[in-house]
Amino acid sequence: MEHLSASPSEPSFDIAARVLHRDGMMLVIDKPAGLAVHKGPKGGETLADHLDALRFGLPGAPELAHRLDKDTSGCLVLGRHRKALAELGKAFADGTVGKTYVAVVRGVPKEPRGRIELRLSKRSPTRGWWMAVDPKGQEAITEWERIATGEGFAVLALSPLTGRTHQLRVHLDAIGHPILGDSIYGGASRLPGGPILHLHSRRVVLPQKKGREAIDARAPLPAHMRATLERAGFDPAALEAAADAAVFTPRAG
């Protein structure tokens with residue numbers, strides 16, 4: 001993982017170098033693991049400290065079209081103006097944006113692929129990000145495909161067909177395969193130097209109007225996931241290709 005500075009006045013990396021796609025409406029960036037997208041009670045560096053560097057000539061800085069967890073890396077979509085944000089927000093809400101994640105999980109699922117349909121709700125009224133499976137909660141659907149197996153772990157390609165907070169993390173823990181490095185739901189150590197969450201937003205596919213070809217942005221696996229996979233004898237590039245080839249069910253509009 002890249003070192004992230006605690007001082008907004010000292011940017012720890014070049015955010016412009018992490019732009020995967022840019023047009024008049026949107027940007028897709030490769031968010032590093034460990035960078036929160038919003039300010040939190042503990043302070044520290046966030047994506048907001050870097051947005052001014054992504055104006056690229058426009059009067060206003062871009063804004064989030066959706067969210068990624070602090071410890072999740074990869075594709076993050078930003079709208080460059082109000083109209084773009086409205087259109088992108090509708091696309092995400094309607095489920096027309098294709099999303100593929102890659103996760104390293106504990107244990108090996110018996111089936112080669114599966115679908116998780118477990119409703120989710122907030123576990124605590126004061127900690128809105130802390131989620132739990134709840135039959136009375138909001139609909140949450142995740143599809144997954146096993147793309148590699150190792151000694152006591154598997155690599156999965158995932159598609160969240162809904163966009164609930166911590167959906168992938170809660171769903172995978174619920175089926176007995178928590179994500180490696182998940183200190184909230186998977187029991188990983190929270191001590192400094194502990195494993196980093198192995199969850200990466202690999203790909204987003206955004207439909208375009210007027211018959212134009214969809215925008216297809218892909219973020220390379222982060223260093224900590226590549227290192228884990230290489231130690232286990234896998235080629236990260238081959239796993240990226242396998243994740244890209246996974247086919248998931250489009251969400252019904």
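Where does Asp 49 lie? Asp 49 is placed in the loop between β2 (26–31) and β3 (63–64), where helices (H or I, at least four residues) and strands (E, at least two) are DSSP runs, numbered from the N terminus. The model is a predicted one, in which local features need pLDDT of at least 70 and side-chain atom pairs count only at pLDDT 80 or more, while totals for chains, interfaces and linings use all residues. Residues are numbered from 1 along each chain as its sequence is written, and side-chain values use heavy atoms, with hydrogens and water left out.

- Asp 49 is partly exposed, with a relative accessible area of 25%, on a scale where buried means under 20% relative accessible area, exposed over 50% and partly exposed in between (1.4 Å probe, protein chains only).
- A polar atom of the Asp 49 side chain lies 2.9 Å from the backbone nitrogen of Thr 46.
- Asp 49 and Val 37 are 12 residues apart in sequence, and their C-alpha atoms are 9.3 Å apart in space.
- Phe 56 also has its place in the loop between β2 and β3, and Phe 56 is partly exposed at a relative accessible area of 29%.

**Positive phi values**

- Most residues other than glycine have a negative phi.
- Phe 56, although not a glycine, has a positive phi of about 50°.
- His 166 is another residue other than glycine with a positive phi, in this case near 55°; His 166 sits in the loop between β10 (153–160) and α2 and counts as buried at 9% relative accessibility.

**Salt bridges**

- The count comes to 14 salt bridges, each being a side-chain nitrogen of Lys or Arg within 4 Å of a carboxyl oxygen of Asp or Glu.
- One of them joins the side chains of Asp 182 and Arg 169 at 2.8 Å, N to O. Asp 182 lies in the loop between α2 (167–174) and β11 (199–206) and Arg 169 in helix α2, so this pair ties together parts that are 13 residues apart in sequence.
- Both partners of that pair are covered: Asp 182 is buried, with a relative accessible area of 1%, and Arg 169 counts as buried at 4% relative accessibility.
- Asp 244 and Arg 218 meet through their side chains in a salt bridge of 3.0 Å, N to O. The pair links distant parts of the chain, with Asp 244 in helix α4 (residues 236–245) and Arg 218 in strand β12 (residues 215–218), 26 residues apart.
- In this second pair Asp 244 counts as buried at 13% relative accessibility, whereas Arg 218 is partly exposed, with a relative accessible area of 35%.
- Asp 244 and Arg 218 belong to a network of salt bridges that also links Arg 202, Arg 203, Asp 216 and Glu 240.
- A further salt bridge brings together the side chains of Arg 115 and Glu 117 at 2.9 Å, N to O; Arg 115 counts as partly exposed at 42% relative accessibility, and Glu 117 is exposed, with a relative accessible area of 52%.

**Strand β11 and its partners**

- Strand β11 is mostly covered, with 7 of its 8 residues buried.
- Strand β4 (residues 73–79) and β11 run parallel and are joined by 2 bridges, where two strands pair if DSSP finds at least two bridges between them. Here Ser 73 has His 200 in β11 as its bridge partner.
- Strand β5 (residues 98–106) runs antiparallel to β11, and 6 bridges join the two; the bridge partner of Ala 103 in β11 is Leu 199.
- β11 also pairs with β12 in the antiparallel sense, over 4 bridges, and Val 204 stands opposite Ala 217 in β12.

**The second largest pocket**

- About 390 Å³ of space lies in the second largest pocket. On a 1 Å grid over the protein atoms alone, a pocket is an open set of points where a 1.4 Å probe fits, with protein on both sides within 12 Å along at least five of seven lines, and lining residues have an atom within 4 Å of a point. The volume is the space filled by probe spheres set on the points, which are joined across faces, edges and corners.
- The lining has 17 residues, of which Met 25, Glu 87, Pro 207, Gln 208 and Lys 209 are the closest to the pocket centre.
- Helix α1 (residues 82–94) gives the largest share of this lining, 6 residues.
- By residue type, the lining divides into 7 nonpolar, 3 polar and 7 charged; Ala, Val, Leu, Ile, Met, Phe, Trp, Tyr, Cys and Pro count as nonpolar, Asp, Glu, Lys and Arg as charged, and the others, Gly among them, as polar.

Methods. Polar contact = N/O pair within 3.5 Å; in protein donor to acceptor, adjacent residues only side chain to side chain.
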